[in-house]
Amino acid sequence: MIFSRALQREFAQSAAGVFVALFAVLITTVLIRLLGQAAGGRVPSDAVLALIGFGALTQLPIVLSLTLFIAVLMPLSRSYRDSEMVVWFASGLPLTAFIRPVLRFAVPLVLAIGAVTLFLAPWAQMKSAEFQAKLDSRDDAARVAPGVFRESAGAQRVFFVEMGSGEDGKVRNVFVSSEQEGRIGVIVSAEGSLYTEPNGDRYVVLEHGRRYDGEPGSPEYRVMEFDRYSVLIEEHKVAGQAGKARGMTTLELLQSPNTRNLGEFLGRIGVPVAALLLALMAIPLSFVNPRAGRTNNVIIALLTYLVYSNAIGLFQAWVSQGRVRFELAVWLPHVVVLGVLALMFYRRLAIFPFWRTRP
């Protein structure tokens, strides 16, 4: 009882600290990327918070898997360094006795990882894709950031607005440069606004300005002054994200079992299984030789996690491409890791391993 309670307490304390650190790194990374896009006008400032939330939920299974792995590895490594393992082993507890406390701690987290991977993360991915598609489908004038040169979605126009829209909904000092059939057109206007016709066509209406039109390298330019000038904004249809595998629910993947959907389903079920096996693998990986470096096992553990996660991603890609059957890929990487796990336990438990010559 003392043995199990001591381990559970250390695992929980370690998991709390690791999760806070990893989640803070995740939020900071997503925030820096989105703030850079918002500063460049690619993402509206009012959409940053929502995209941060969706991005955090999408990456949450990876954070939880790493939290579980490190939360088991660090306390056991500390026990080796502080010679506590010697006390447990001298009390008659073998290394396999740590499996039950690790499973008691890991199984609830693995179930949470499975729920997030199968249900919450796909929902967040779908909402993020829909939200991003709506932002991309905004008309060109609505995407302009004041004081920033902004290229249109079709890469045919460049907008510049000196002042944003005020209470009247109009922007001030508008500059528009466009290219059509080899001719350059430049429009300068004192102010502009948006107009939507009943049939849904959207126009940007420029007022009190000039238009310069001509061919590059030719002195022949036309200059036209106008009081009101309407430019049709090309409407971009919102791309349907429901058909993309990452944004589909798990039930939809199973109802449409093509290669792409099976590959996505393989990746989803692989995350909680990998988290459980890595938690068990942390037991033999936590061994620290006091005469060697204290970080060697941590480096090996991180390399093990990277190799395992990349192997799952590789099999997922192969299934999506039809190069490997789903029935084979769904168990092969995990069986290999399970065999390596058994071999590592045997190496730590056997007095005379079979690959060594007995004296």
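Glu 10 is partly exposed, with 23% relative accessible area. The model is a predicted one. Arg 78 is partly exposed too, with a relative accessible area of 23%. These residues form a salt bridge, and their closest N and O atoms are 2.8 Å apart. The pair links distant parts of the chain. Glu 10 sits in helix H1 (residues 2-39), Arg 78 in helix H2 (residues 48-81), and 68 residues separate them.

A search of the whole structure finds nine salt bridges. Another one of them joins Glu 215 to Arg 183, with the closest N and O atoms 3.6 Å apart. Glu 215 lies in the loop between strand E5 (202-214) and strand E6 (221-232), while Arg 183 belongs to strand E4 (residues 183-196), so the pair ties together parts 32 residues apart in sequence. Glu 215 is partly exposed at 42% relative accessibility. Arg 183 is partly exposed at 27%.

Next come strands E5 and E6. Arg 210 in strand E5 and Glu 225 in strand E6 are 15 residues apart. They form a salt bridge, with the closest N and O atoms at 3.0 Å. Arg 210 is partly exposed, at 39% relative accessible area. Glu 225 is exposed, at 56%. Elsewhere, salt bridges that share partners join Arg 183, Asp 213, Glu 215 and Arg 222 into one network.

Now turn to Asn 261. This residue is in helix H6 (residues 259-285). Asn 261 has a relative accessible area of 1%, so it counts as buried. A polar atom of its side chain lies 2.6 Å from the backbone oxygen of Ser 256. Leaving aside residues up to four places away in sequence, Asn 261 touches Ala 245, Met 248, Leu 253 and Ser 256.

Terms used:
Residues numbered from 1 in each chain as written. Predicted model: local features only at pLDDT ≥ 70, side-chain atom pairs only at ≥ 80, totals over all residues. Heavy atoms only, no water. Helix = DSSP H or I, 4+ residues; strand = E, 2+ residues; numbered from the N terminus. Buried < 20%, exposed > 50% of the residue type's maximum accessible area, 1.4 Å probe, protein only. Polar contact = N/O pair within 3.5 Å; in protein donor to acceptor, adjacent residues only side chain to side chain. Contact = heavy atoms within 4.5 Å. Salt bridge = Lys/Arg side-chain N within 4 Å of Asp/Glu carboxyl O.
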